[in-house]
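Please read the following briefing alongside the sequence and the coordinates.

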Amino acid sequence: MSEPIKPLLTSRYGVKESWKLANAESAGAYATARQALTTRKPEELKEEVKKANIRGRGGAGFPAGVKWGFLNPQAGEQIYLVINADESEPGTFKDRSIMDLDPHRLVEGAIISCYAIGAPVAYIYVRGELAFSLKRLEQAIAEARQAGYLGERPFGVDLGHPIEIYVHSGAGAYICGEETALLNSLEGRRGEPRLKPPFPAVKGVFGMPTIVNNVETIASVPDIIEMGGDAWSLLSRLPGDGGVRIYGVSGHVKNPGLFEAPVGITMRELIDDYAGGMLGDRPLKAVIPGGSSTPVLDPRRKVHAPAEDHPLHKWHGMSEIDVPMGVDTYRALGTMLGTCCAIVMDDSVNMVEACRNLMRFYKHESCGQCTPCREGTGWLVDVLNNLVHGRGKTEDVDLLVNISNNMMGNTICAFADGTAMPMLGMVQKFREEFMEAAVNGVPDGVRHDDSVRGMVEGAA
Ligand SMILES: Cc1cc2nc3c(=O)[nH]c(=O)nc-3n(C[C@H](O)[C@H](O)[C@H](O)COP(=O)(O)O)c2cc1C
């Protein structure tokens, strides 16, 4: 049983009307920002974030301190901070809890981050469907501005530049969570990803150096600055992947929800200790670890790392779900930590049908800019439809692999990889079920309602 920790990120979730400035301040909000802006230098703050070893919470796990270090503005260039609140990854619902239940933590994090990187303006790009979060944020920003924490002289300090925060609503496209599509959308363009390089830190919004970070990444900054980067980093169980994070669990567990815990707990702990174990005590069949774009874990599978220098050698022979959840450990396991929001499936789930459900989402959300993604997602759904409806052939299973391999690495952004990787993982780990569907289809009652599917993709 893992020990519960003293909550940091979620510490004000239980405070009555925590989204109001007076209540958030009584519970500690803005003390760190005030202290940082009045007594510390931007360079010191950047150094603390670097020492914290915080890996980006938006999915890719890039170290925030390193990203901030890429900024090298040329004469006349203005730096921007862009906070990614698009949160559209299926199974992921952590950022909205910060915006809804403690918006002042995000505003405080944004103020400290703007000061640290020298950005006069931060934009928070909120997923279109999250109208409630948008309202909460707007109210929090208005209150912070009125209190003098934003504007020309935040906390009464002349920084040489103002700090302003603006909220921008997306229109409900998953691709606008990809950072360069987000920047295009923010500029009023079509939300399609840009070629990289140049990376946003060099040429971002309005052609200016821009740091794009996830909501949870920025919301972690006040605690990092208050505790000091080293101390915050040590809250984690893993080296080089610091701190605490908000884990999400949905699916077949007794107590689905959000749980703050150190980086490096195991999936088994997350399911059994935090989420109360499997619903109805049924067996765990599979778990998608970090939002739908991450390859599935199979508890029957053992870690194969006999070589002593393998990063997972310590867990050789143990179940995949006993490996600590970290950006690097999960990469070594052949999956990704992603957004750290798990989708838990019991033995009632048919993996072919689960896969078809996911792939329909990707087909619908592909922006269509790159042919392998636009066509590949459609082909995956067509082949899966055939398998599910008993029109398939055994060769279709390898066709799914072939299509996925042709999508990987052949597009402008990581959307296609985020579709192909989970598809490949499903076939690799549950091949027998795909072969079975190729012969017999998926029985009625296990399949999702065709009329619902029809809304998304037309007649099957
Ligand atoms: C298709 C796609 C969707 C994404 N959606 C999100 C999202 O909703 N929120 C987010 O923070 N990052 C998302 N990302 C990752 C961002 O591109 C980017 O890496 C992240 O915002 C950087 O912040 P971080 O370093 O703090 O994680 C997405 C990436 C891809 C390829």
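Helices (H or I, at least four residues) and strands (E, at least two) are DSSP runs, numbered from the N terminus. The model is predicted, and local features therefore need pLDDT of at least 70, side-chain atom pairs count only at pLDDT 80 or more, and totals for chains, interfaces and linings use all residues. Residues are numbered from 1 along each chain as its sequence is written.

**Domains and their contact**

- The protein chain is divided into domain 1 (21-233), domain 2 (244-346) and domain 3 (351-457), with bounds that come from an automatic or database domain assignment.
- Between domain 1 and domain 2 the C-alpha centres lie 28 Å apart, and the contact takes twelve residues from domain 1 and 15 residues from domain 2, where two residues are in contact if their C-beta atoms, placed from the backbone, lie within 7 Å.
- The side of domain 1 that touches domain 2 has two nonpolar, five polar and five charged residues; in this classification Ala, Val, Leu, Ile, Met, Phe, Trp, Tyr, Cys and Pro count as nonpolar, Asp, Glu, Lys and Arg as charged, and the others, Gly among them, as polar.

**The shell around the ligand**

- There are 24 residues around the ligand, of which Gly-56, Gly-58, Gly-177, Asn-214 and Thr-217 come nearest; a residue is near a molecule or strand if its C-beta atom, placed from the backbone, lies within 6 Å of it.
- Domain 1 (21-233) and domain 3 (351-457) each supply at least three residues to the shell around the ligand.
- Sorted by class, the shell around the ligand has eight nonpolar, ten polar and six charged residues.

- Four strands form an open sheet in the order 6-5-8-7, with mixed pairing, and two strands are taken to pair if DSSP finds at least two bridges between them.
- Strand 6 (257-262) and strand 7 (284-288) are the edge strands, each pairing on one side only, and the twist averages 30° from one strand to the next, with axes that are lines fitted to C-alpha atoms, for helices over the stretch in contact, and angles that run from 0 to 180 degrees between N-to-C directions.
- Strand 5 (residues 244-251) and strand 8 (residues 341-346) run parallel and are joined by four bridges, and the partner of Gly-248 in strand 8 is Cys-341.
- Helix 12 (residues 267-274) packs on the sheet, where it touches strand 5, strand 6, strand 7 and strand 8, and its direction makes about 70° with that of strand 5.
- Strand 5 also pairs with strand 6, in the antiparallel sense and over six bridges; Ile-246 has Glu-260 as its bridge partner in strand 6, and the two strands form a hairpin with five residues between them.
- Seven of the eight residues of strand 5 are buried, which leaves the strand mostly covered; a residue is buried if 20 or more other C-beta atoms lie within 10 Å of its own, exposed if 12 or fewer, and partly exposed in between, with C-beta atoms placed from the backbone.

- The peptide bond from Lys-196 to Pro-197 is cis, with omega near -10°, and Pro-197 is placed in the loop between helix 8 (179-186) and strand 4.
- A cis peptide bond likewise joins Pro-197 and Pro-198, with omega about 0°, and Pro-198 lies in the loop between helix 8 and strand 4.
- Glu-17, in the segment before helix 1 (21-26), has a positive phi of about 40° although it is not a glycine, and Glu-17 counts as exposed because it has 8 C-beta neighbours inside 10 Å.
- Phe-155, in the loop between helix 7 (131-146) and strand 3 (164-169), has a positive phi of about 55° although it is not a glycine, and Phe-155 counts as buried because 20 other C-beta atoms lie within 10 Å.

**Arg-40**

- Arg-40 is found in the loop between helix 2 (31-39) and helix 3 (42-51), and Arg-40 counts as partly exposed because 15 other C-beta atoms lie within 10 Å.
- Arg-40 and Ile-225 are 185 residues apart in sequence, and their C-alpha atoms are 10 Å apart in space.
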